[in-house]
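Here are my notes on this model, point by point. Please read them with the structure open.

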Amino acid sequence: MPSESFRTVRWLRTLNLVLQAVLFLTLFGGLNYLASKHAWRFDLTRQRKFSLSPETLSYVRDLRRPVHIVVSLSEENDSPEVRGLVDEYVAATADLPGRITKEILDVYQNRRRAEELGLDQPDVLVLIAGQNRQAIPVNELYEIKNQQRVAFRGEQALTSAILDVSSEARQKIYFLVGHGELRPEDTDANRGLSTLRVQLEVRNFTVEAIDLAVTHRVPADASLLVAAGPQSRYTPAEQELLRQYLNTKAGRFLLFLNPRISASSLGLENLLLDDWGILVNDDVICDTGAENITENGDLFIWAFLPHPITNALINYKMKLRLGDTRSVMPDPGRSLGNGLNTVTVAATSTTAWGERDYTRPPFVFNRGIDTAPLRGMDPPDRLGVIVASERVRVRADLPFSVPGGRVVVFGNADFIANGRIENSSLLVALNAVNWSVDRDRQLSVPARPIERFHLSLSAGEFQRLRYALLLAVPGSTLLLGLLVYWTRRT
């Protein structure tokens, strides 16, 4: 009889343990189900760095089609802000038709997928919506000073890119041809722009060539016109088409001009000088500074003024390498009250001058003949090589100004050719395109400061911390276990 009672008690205890396990698993499963269907998320950080702004939420919750974000980060690039931000976009659109999804890609281990996306290096975000793609280097998501990340502006850049790539209409860039210009479909090292074209298409632009003498019009879908190294004169009809496009349609125009061909011989002098306040000098820049000239005579440009075209070069302390270059500057006699803002964004060193008699070396500066920096012009004591001009119209019925067109003139064209294009020159060209077509638009989302916490320990403090972790914590656990054992024994 006692044995039967003992057996019954044992079965009751076993049944009790089984029921407890079933109840625990049921509770655990139920909580996870509720969490998956009715999750609550709270951002308790001081800067709310893991929360999307109301403006961004209003945009992404109204996307017309899904967007897939491929994140490729190297092990050396510690970017927790990027991962957290992408997760926020995914969470905010999880149950919406235009949902945002993510994919983590190791470009070295998954080479097939990386080649499909055109990636050969990590630290790039690729946004995909249908046939549209846009790539964003991770460094463009940060504000950098003295090569240190000081603020995170990823929400501005990523929201803008999501809106661009999710749009069914792609912005079109037309390269002018018919006058000896460098062509976007040409793969030649010296005369082709196929490398630049590929980079533009990766960023969700459509690139085409156009001969205005044949079409007799600028297409209505033209977001930007580009003339890269023209060699012969534009006809009066073509000049008028350019003038109407820029002035009456608030057009955008990038002009890359090699030296030894004057702007007047191309028929563009009046358009640039009268309409946009840009003076293109007929000279070749020379420099006596050894640190400013390469062995083969290329020119190093170090001086950049803050501008969307050059901010990245300033932040990363990069230099721009150019071949034969002419000087370009704002017209000193331009009117300052007509809504035209013309600025130099890249300039030579203080030891450079513009040689006007460039057919007979050796070149020596001749005061009063050669081009010298003008007093009172920014940057002081330097010659400009890139000038940006923007016309802003202020309308009486609006509390803000409206951009009326943008023109950027470069004193060199060969630096974007296939055989010469480098990281810095590609960056300048892409930034000029983005600024011209308003791809650099700033949403009203402030950049978030990056907080850094430094734990400074002396050698003695570090040694004590090590002993505490290795001995004190396990020892305390052992002591607690012995205490429980002793209590149960007594």
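Is F415 buried or exposed? F415 is buried, because its relative accessible area is 1%. The model is a predicted one, and the points below should be read that way.

1. Aromatic pairs, overall. Seven aromatic pairs occur in the structure. One of them is F24 with F28, a stacked pair. The ring centres of F24 and F28 are 6.4 Å apart, and their planes make an angle of 20 degrees.

2. Where the F24 and F28 pair sits. Both residues belong to helix α1, which covers residues 2-37. F24 and F28 are four residues apart, about one turn of the helix. F24 has 53% relative accessibility, so it counts as exposed. F28 has 51%, so F28 counts as exposed too. The cut-off matters here, because exposed means over 50%.

3. The F256 and F415 pair. These two rings form a tilted pair. Their centres are 6.0 Å apart, with 50 degrees between the planes. F256 is part of strand β10 (residues 252-256). F415 lies in the loop between β20 (401-410) and α12 (423-436). The pair therefore ties together parts that are 159 residues apart in sequence.

4. Burial around that pair. F256 counts as buried because its relative accessibility is 3%. F415, at 1%, is buried as well. Ring pairs also bring in F410: F256, F410 and F415 are linked into a cluster.

5. Charges over rings. Which residue lies over the face of W276? R391 does, at 4.5 Å from the ring centre. K319 is placed over the face of F300, at 5.1 Å from the ring centre.

6. A three-stranded sheet. Strands β5, β6 and β21 make an open sheet, in the order β5-β6-β21. Its pairing is antiparallel. Which are the edge strands? They are β5 (142-145) and β21 (448-449), and each pairs on one side only.

7. The β6 and β21 contact. Strand β6 spans residues 148-152. β6 and β21 pair in the antiparallel sense over two bridges. Two is enough for the pairing to be counted, because the criterion is at least two bridges. In this part of the model, F152 stands opposite R448 of β21.

8. Points to check on screen. Start with the exposed F24 and the exposed F28. Then turn to the cluster of F256, F410 and F415.

Definitions and conventions: Residues are numbered from 1 along each chain as its sequence is written. This is a predicted model: local features need pLDDT of at least 70, side-chain atom pairs count only at pLDDT 80 or more; totals for chains, interfaces and linings use all residues. Side-chain values use heavy atoms; hydrogens and water are left out. Rings of Phe, Tyr and Trp (its six-membered ring) pair if their centres lie within 6.5 Å; planes under 30 degrees apart count as stacked, over 60 as edge-to-face and the rest as tilted. Buried means under 20% relative accessible area, exposed over 50%, partly exposed in between (1.4 Å probe, protein chains only). A charge sits over a ring if NZ of Lys or CZ of Arg is within 6 Å of the ring centre and within 35 degrees of the ring normal.
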